[in-house]
Amino acid sequence: MLHLASTRRTGAALILALATLVAGCTPNTSGEAIFDPYEKQNRKVHAFNKRVDSGMGGGKGGGIGKAIPAPVTQGLSNISTNFSQPSYMMNHLLQGNMESAMRNFWRVAVNTTVGIGGIFDPATRIGLHDDATDFGVTLAKAGVPEGAYIELPILGPSTERDVAGKVLDTLLNPLQGVIAAEDQRKITVIRVLSRAGDRAKYSETVDSVLYDSADSYAQARIIYLQNRRGQTGDTEAAEAEADEVYDSYEDFYGSQ
């Protein structure tokens with residue numbers, strides 16, 4: 001009985017959190033394609049993010065991630081991606097995409113076993129390619145508006161809907177009740193190191209946006225929005241407009 005009551009309280013809390021987050025998406029009544037009512041504050045956060053990035057070696061050939069050997073970086077990235085598969089699978093199910101959900105299921109099954117806990121990625125070699133998604137995409141497909149553009153400290157470009165998605169991905173992650181708190185902290189460390197490796201991998205593209213643009217804030221904003229709208233289907237032209245440079249930048253500042 002106590003367990004049932006606890007489950008009901010948790011479910012009610014999640015529903016309340018979902019309602020609060022979704023209601024917080026500011027409707028775009030401006031008619032502008034880029035809705036950025038918080039631009040002044042966003043630019044301050046962007047400047048802070050650039051200082052952090054520069055302090056960690058950004059603009060100088062990839063930052064501290066360059067110190068991590070490429071095989072280690074790849075292994076960390078594989079493990080991080082493997083831990084994300086249950087969340088991807090859950091979101092694909094919510095989006096009604098059974099084929100992608102099953103692909104995620106078999107990816108995590110193959111990589112966890114044959115790939116030795118996800119260190120290696122044999123699933124891709126046999127045609128089970130990664131099919132990433134997140135709660136931001138789920139909310140978009142459910143008709144939740146994009147809301148205002150926001151730049152988050154450290155995490156970078158986002159929107160109000162995607163912020164809600166990040167929170168819900170954390171709250172509803174299928175691994176939350178399975179993996180011990182200590183192991184979850186280890187996963188967080190792996191994700192941070194993996195992100196440092198990604199920063200090094202995409203250093204040329206990210207550096208060109210952050211340090212070589214006349215207005216790095218505006219450049220990062222349009223790149224993020226075009227790629228994200230292509231992912232969520234918000235605009236038909238978004239994917240056609242995004243060229244290779246945009247795609248590379250999105251690989252770094254994409255779904256986390």
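Predicted model: local features only at pLDDT ≥ 70, side-chain atom pairs only at ≥ 80, totals over all residues.
1. A word on terms before we start: a residue is called buried when its relative accessible area is under 20%, exposed when it is over 50%, and partly exposed in between.

2. D183 has a charged partner. It forms a salt bridge with K186, and the closest N and O atoms are 3.9 Å apart. K186 is partly exposed as well, because its relative accessibility is 46%. Both residues sit in helix α8 (residues 181-201), and they are separated by about one helical turn because they are three residues apart.

3. Now to the wider picture of charge pairing. Side chains of opposite charge can pair when their charged atoms come close.

4. Start with D134 and R228, which form a salt bridge whose closest N and O atoms are 2.6 Å apart. This pair links distant parts of the chain: D134 is in the loop between α5 (122-125) and α6 (135-141), while R228 belongs to helix α10 (residues 216-232), 94 residues apart. D134 counts as buried, with 7% relative accessibility, and R228 counts as buried too, at 5%.

5. R228 also meets the side chain of D162 in a salt bridge, at 2.8 Å from N to O. R228 lies in helix α10 and D162 in helix α7 (residues 160-171), so this pair ties together parts that are 66 residues apart in sequence. D162 counts as buried because its relative accessibility is 3%, which is under the 20% limit.

6. Salt bridges also join up into a group elsewhere in your model. D36, E39, R43, D215 and R221 are linked in a network of them.

7. Finally, a look at nonpolar side chains on the surface. L93, M98, M102, F105 and W106 form a nonpolar patch there, with about 490 Å² of accessible area together. Helix α4 (residues 98-113) gives the largest share of the patch, four residues. L93 is found in helix α3 (residues 70-94), and this leucine counts as partly exposed because its relative accessibility is 44%.

Note on methods
Residues numbered from 1 in each chain as written. Heavy atoms only, no water. Salt bridge = Lys/Arg side-chain N within 4 Å of Asp/Glu carboxyl O. Helix = DSSP H or I, 4+ residues; strand = E, 2+ residues; numbered from the N terminus. Buried < 20%, exposed > 50% of the residue type's maximum accessible area, 1.4 Å probe, protein only. Patch = residues over 30% accessible without salt bridge, like charges linked within 9 Å, V, L, I, M, F, W, Y side chains within 5 Å. Areas by Shrake-Rupley, 256 points an atom, 1.4 Å probe, with all protein chains shown as cover.
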